[in-house]
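Colleague: I would like to learn how to read a protein model. Could we go through one step by step?

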Amino acid sequence: MRRKIKILIILLFLFVSFNMEAQQTAQTTMQKLINNQWLIASNNEKECRLKHQYTTTQLIISVICQGKTTSDTADFYLSNQIETTFDYSKVGNVSDGKYIIFFIPERDGYSYFNVDEIIELDADFMQLKSLKSNFVFRFYAN
């Protein structure tokens, strides 16, 4: 009987230690975003390309057309629900979420608020769906 208990304790210990190791290596959504520059692939050099680069608080959006780059910076945060207004208190404070909420307060006299749904995200590929336009963007790590 004691032998069965010892074996059970050892198996339980191994299970817990494997589980803890798996949790430690799992990256948050934020870590996956900030570890790469994300670029929409294009086979045609004449097409404009879109690039996203994330810090913990900002999204840098670049459009590359005919060798010229235009960039804008937006504050952003992650959320597990669709937001209808931008909440500055969440910027840099949320590490996981299904939605990327971003806001550019002023560009050419307009402000831009957008919610992108994260459809897929791993180390090499990101697929986002804009809830404003319903367009799906496929980014590759650069």
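Modeller: Begin with the surface. Accessible areas come from the Shrake-Rupley method with a 1.4 Å probe. This is a predicted model, and the accessible surface of the protein comes to about 9,800 Å². Carbon and sulfur atoms account for 53% of that surface.

Colleague: What percentage of the 142 residues is buried?

Modeller: Buried means under 20% relative accessible area. In this protein, 30% of the 142 residues are buried.

Colleague: Which pattern do the helices and strands follow along the sequence?

Modeller: The protein has two helices and eight strands. Read along the sequence, the pattern is α-α-β-β-β-β-β-β-β-β.

Colleague: How do I read the way strands are arranged?

Modeller: Strands of a sheet pair through backbone hydrogen bonds, either parallel or antiparallel. Here eight strands close into a barrel, in the order E1-E2-E3-E4-E5-E6-E7-E8, with antiparallel pairing. On average, neighbouring strands of this sheet are turned by 35° against each other, direction ignored.

Colleague: How many bridges join strand E5 to strand E6?

Modeller: Seven bridges join E5, residues 99–107, to E6, residues 110–121, and the two strands run antiparallel. Within this pairing, Phe-102 stands opposite Asn-114, and the partner of Ile-100 in E6 is Asp-116. The hairpin of E5 and E6 has two residues between the strands, and Asp-108 there takes a positive phi near 55°.

Colleague: And what about E4 and E5, how many bridges are there?

Modeller: Five bridges join E4 to E5, again antiparallel.

Colleague: How do I read the interior?

Modeller: In soluble globular proteins, nonpolar side chains tend to be buried together. The largest nonpolar core in this model has 18 residues, and those with the most contacts inside it are Leu-33, Tyr-54, Phe-76, Ile-100 and Met-126. Helix H2 (29–34), strands E2 (49–54), E3 (58–65), E4 (68–79) and E7 (125–130), together with E5 and E6, each supply at least two residues of this core. A second, separate core of seven residues includes Tyr-77, Tyr-99, Ile-101 and Phe-103.

Colleague: Which residues is Ile-100 in contact with, leaving aside its neighbours within four places in sequence?

Modeller: Among them are Leu-33, Tyr-54, Phe-76, Val-115, Ile-118 and Leu-128. For the whole protein, consider contacts between residues at least 6 apart in sequence: 32% of them join residues at least 24 apart.

Colleague: How many aromatic pairs does a search of the whole structure find?

Modeller: The search finds eight. In one of them, Tyr-54 and Phe-76 are edge-to-face, at 5.2 Å centre to centre with 70° between the planes. This pair links distant parts of the chain, since Tyr-54 lies in strand E2 and Phe-76 in strand E4, 22 residues apart.

Colleague: Is Tyr-54 buried or exposed?

Modeller: Tyr-54 counts as buried because its relative accessibility is 3%. Phe-76 is buried as well, with a relative accessible area of 0%.

Colleague: Why is the pair of Phe-86 and Tyr-88 called edge-to-face?

Modeller: Planes over 60 degrees apart count as edge-to-face. The planes of Phe-86 and Tyr-88 stand at 75°, with ring centres 4.8 Å apart, so the pair is edge-to-face. Phe-86 is buried at 15% relative accessible area, whereas Tyr-88, at 44%, counts as partly exposed. Ring pairs link Tyr-77, Phe-86, Tyr-88 and Phe-103 into a cluster.

Conventions
Residues are numbered from 1 along each chain as its sequence is written. This is a predicted model: local features need pLDDT of at least 70, side-chain atom pairs count only at pLDDT 80 or more; totals for chains, interfaces and linings use all residues. Side-chain values use heavy atoms; hydrogens and water are left out. Two strands pair if DSSP finds at least two bridges between them. Helices (H or I, at least four residues) and strands (E, at least two) are DSSP runs, numbered from the N terminus. Axes are lines fitted to C-alpha atoms, for helices over the stretch in contact, and angles run from 0 to 180 degrees between N-to-C directions. Buried means under 20% relative accessible area, exposed over 50%, partly exposed in between (1.4 Å probe, protein chains only). Contact means heavy atoms within 4.5 Å. A nonpolar core is a set of buried Ala, Val, Leu, Ile, Met, Phe, Trp, Tyr and Cys residues joined through side-chain atoms within 4.5 Å. Rings of Phe, Tyr and Trp (its six-membered ring) pair if their centres lie within 6.5 Å; planes under 30 degrees apart count as stacked, over 60 as edge-to-face and the rest as tilted.
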